[in-house]
Amino acid sequence: MAGSDDDIWDLPLGGLVDDGAVLAVIEEHAELDPLRPGWDLRLAYELQLAELYRDVERWVVPGFCHICRRLTPMFCDWVSAWGGTPNYRERLHCRNCGLNNRQRFTGELLRRLGAPPYYLFETVTGFYTWAKATLPEVTGSEYLGHDIPGGTIVQGLRHEDALNLSFADDSYGTIVSCDVFEHVADIDRALAECVRVLRRDGVLLLSVPFTPDQPTTVKRAELGPGGEVIHLEEPNYHGNPLDQERGSLTFYDHGWDLVDRMRAAGFRDVGVVAYWSQLHGHLGRGLQFQLLARK
């Protein structure tokens with residue numbers, strides 16, 4: 001594991017001790033190589049688990065939830081299934097806290113690495129509800145439209161544009177972005193805004209759909225001079241709780257150069273957490289990923 005002796009990557013995530021578990025922080029693509037042994041075995045486990053429930057609409061996988069600190073049923077189904085297996089990343093909801101696979105892992109990182117005040121790029125999710133009830137000084141927001149001033153409250157929701165946050169410099173100790181930054185029109189500007197708003201030593205927890213063997217980000221769309229959307233690839237939309245009919249347009253398919261972009265934006269420590277655990281219900285494509293950065 002690369003990094004300085006006093007950097008962010010001391011992750012005291014005890015308990016990931018089941019067979020096949022992976023927890024590592026890497027800073028460049030080449031550091032994936034030591035994690036490749038066992039990848040095929042993990043994929044085979046995920047596929048065989050899917051085969052057990054191929055004809056079942058919804059089923060339960062037992063696991064230990066870090067958030068709840070208890071053994072609990074985790075619910076899985078075939079919504080947004082990918083490659084013959086369930087979308088494990090977005091499923092495996094804990095029956096007790098209701099958080100899905102990636103949310104549970106993000107929540108554990110947030111509790112261990114974050115510091116108040118906290119800013120989340122979401123408010124209408126179970127993850128925000130958990131954070132608001134668990135942590136001090138939590139602010140959340142949604143993107144409600146380009147013509148709305150930042151900080152405006154619309155029907156109880158705070159509006160913020162990731163490209164032009166209304167917060168003062170050095171406002172937050174921690175920022176959390178869960179599957180938002182594939183939908184911003186200018187990733188570099190969004191990252192620069194996070195650097196501006198974070199305090200020194202502040203932490204960004206960032207999850208995006210991330211392809212581990214894709215070195216370069218694919219830009220799928222951009223905005224023209226009049227604000228019109230110009231599609232560079234076939235349009236792709238992800239689910240959006242505020243617009244369930246249309247969803248959110250994907251502007252980027254992020255690859256490893258996202259790490260370089262984060263450094264260029266002004267973060268001094270950047271790493272990718274690679275994780276997988278049968279015991280804790282952290283499954284999906286043989287290995288899951290989350291990005292961390294410190295100002």
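Reader: How many disulfides does the count come to here?

Author: In this predicted model the count comes to zero disulfides.

Reader: Switching to helix H1, which residues does it run over, and how does its reach look against what is expected?

Author: Helix H1 covers residues 39–52, 14 residues in total, and from its first C-alpha to its last it reaches 20 Å, close to the 20 Å expected at 1.5 Å a residue.

Reader: Which of its residues are buried?

Author: In H1 the buried residues are Trp39, Arg42, Glu46, Leu49 and Ala50. They span an arc of only 100° around the axis, so they sit on the same side of H1. On the face turned away from that buried side, H1 carries the exposed residues Asp40, Leu41, Gln48 and Leu52.

Reader: What covers the buried residues of H1?

Author: The cover includes four strands, namely S1 (22–26), S2 (58–65), S17 (269–276) and S18 (288–294).

Reader: How many salt bridges does a search of the whole structure find?

Author: The search finds 21 salt bridges. One of them pairs arginine 294 with aspartate 269, with the closest N and O atoms 2.5 Å apart. That pair links distant parts of the chain, since arginine 294 is in strand S18 and aspartate 269 in strand S17, 25 residues apart.

Reader: What about arginine 89 and aspartate 179, how do their side chains meet?

Author: They meet in a salt bridge, at 2.7 Å from N to O. Arginine 89 lies in the loop between strand S3 (70–77) and strand S4 (93–94), while aspartate 179 lies in the loop between strand S9 (172–178) and helix H4 (187–197), 90 residues apart. Both arginine 89 and aspartate 179 are buried.

Reader: Last one: which members of the largest nonpolar core touch the most other members?

Author: Among the 79 residues of that core, Phe181, Leu204 and Met262 touch the most other members. Leaving aside residues up to four places away in sequence, the contacts of phenylalanine 181 include Phe121, Ile187, Leu206, Tyr252 and His254.

How values were computed
Residues numbered from 1 in each chain as written. Predicted model: local features only at pLDDT ≥ 70, side-chain atom pairs only at ≥ 80, totals over all residues. Heavy atoms only, no water. Core = buried A, V, L, I, M, F, W, Y, C linked by side-chain atoms within 4.5 Å. Buried < 20%, exposed > 50% of the residue type's maximum accessible area, 1.4 Å probe, protein only. Contact = heavy atoms within 4.5 Å. Helix = DSSP H or I, 4+ residues; strand = E, 2+ residues; numbered from the N terminus. Expected span 1.5 Å × (residues − 1). Arc of directions from axis to C-beta. Disulfide = S-S within 2.5 Å. Salt bridge = Lys/Arg side-chain N within 4 Å of Asp/Glu carboxyl O.
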